[in-house]
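Please look over the fold shown below. The report then takes up its strands, contacts and surface.

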Amino acid sequence: MQTIFIMVKCELGKAYDVAAAAVDNVENVSEVYSVSGQHDLMMKCVLPDDLDIGHFVTQDIQKLDGVRDTFTLI
């Protein structure tokens, strides 16, 4: 298993919607925190070793409605 953190910038007024969608619809998202500053959310994700991080971020996180930008910490 590999743990990554994804900092998410959301469309204005969409942070809570993005957080709810991530928790409800993305299996590997284990925790979501509201943060202040350059990003709106921090997501903790636990991925199987065989899951490609780039594909996970671009296909599962960046496609959530309301996501503007992401920054991934490995």
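## Basis

This is a predicted model, in which local features need pLDDT of at least 70, side-chain atom pairs count only at pLDDT 80 or more, and totals for chains, interfaces and linings use all residues. Residues are numbered from 1 along each chain as its sequence is written, and side-chain values use heavy atoms, with hydrogens and water left out.

## Strand pairing

Helices (H or I, at least four residues) and strands (E, at least two) are DSSP runs numbered from the N terminus. Two strands pair if DSSP finds at least two bridges between them. E1 pairs with E3 in the antiparallel sense, over seven bridges. Within that pairing, Ile 6 stands opposite Met 43 in E3. E1 also runs antiparallel to E4, joined by six bridges. There Val 8 faces Thr 70 of E4 as its opposite residue.

E2 and E3 are antiparallel too, with five bridges between them. Val 29 has Cys 45 in E3 as its bridge partner. The hairpin of E2 and E3 has six residues between the strands, and Gly 37 in this hairpin takes a positive phi near 110°.

## Thr 70

Thr 70 sits in strand E4, which covers residues 67-73. Is Thr 70 buried or exposed? Its relative accessibility is 14%, so Thr 70 counts as buried; the class buried means under 20% relative accessible area, exposed means over 50%, and partly exposed lies in between (1.4 Å probe, protein chains only).

The side chain of Thr 70 makes a polar contact of 2.8 Å with the side chain of Gln 62. A polar contact is a pair of N or O atoms within 3.5 Å; within protein, one must be able to donate a hydrogen and the other to accept it, and residues adjacent in sequence count only if both atoms are side-chain atoms. Setting aside residues up to four places away in sequence, Thr 70 touches Ile 6, Met 7, Val 8, Val 57, Ile 61 and Gln 62. Contact here means heavy atoms within 4.5 Å.

## The salt bridge

How many salt bridges are there? The count is one, where a salt bridge is a side-chain nitrogen of Lys or Arg within 4 Å of a carboxyl oxygen of Asp or Glu. Glu 31 and Lys 44 form a salt bridge, with their closest N and O atoms 3.5 Å apart. Glu 31 lies in E2 (residues 29-34) and Lys 44 in E3 (residues 41-47), so the pair ties together parts 13 residues apart in sequence.

Both partners have a class of their own. Glu 31 is partly exposed, at 29% relative accessibility. Lys 44 is partly exposed, at 25%.

## Nonpolar patch

Phe 5, Phe 71 and Leu 73 form a nonpolar patch on the surface, with about 260 Å² of accessible area together. Patches are made of residues with over 30% relative accessible area and no salt bridge; like charges are joined within 9 Å, and nonpolar side chains (Val, Leu, Ile, Met, Phe, Trp, Tyr) within 5 Å. Accessible areas come from the Shrake-Rupley method with a 1.4 Å probe, and for residues only the protein chains shown count as cover.

Phe 5 belongs to strand E1 (residues 2-10). Its relative accessible area is 30%, so Phe 5 is partly exposed. Leu 73 lies in E4. It is partly exposed at 37%. Beyond its neighbours within four places in sequence, Leu 73 is in contact with Ile 4, Phe 5 and Met 7. Leu 73 and Lys 44 are 29 residues apart in sequence, with 9.7 Å between their C-alpha atoms.

Lys 9 is in E1. Its relative accessible area of 25% makes Lys 9 partly exposed. The C-alpha atoms of Lys 9 and Thr 70 are separated by 6.2 Å, across 61 residues of chain. Residues up to four places away aside, Lys 9 touches several others, including Gln 38, His 39, Asp 40 and Arg 68.

Arg 68 is in E4. At 52% relative accessibility, Arg 68 counts as exposed. Apart from neighbours within four places in sequence, Arg 68 is in contact with Lys 9, Cys 10 and Glu 11. Its C-alpha atom is 18 Å from that of Val 23, 45 residues away along the chain.

## Asp 52

Asp 52 is placed in the loop between E3 and helix H2 (53-61). It is partly exposed, at 40% relative accessibility. The side chain of Asp 52 reaches the backbone nitrogen of Gly 54 at 3.2 Å.
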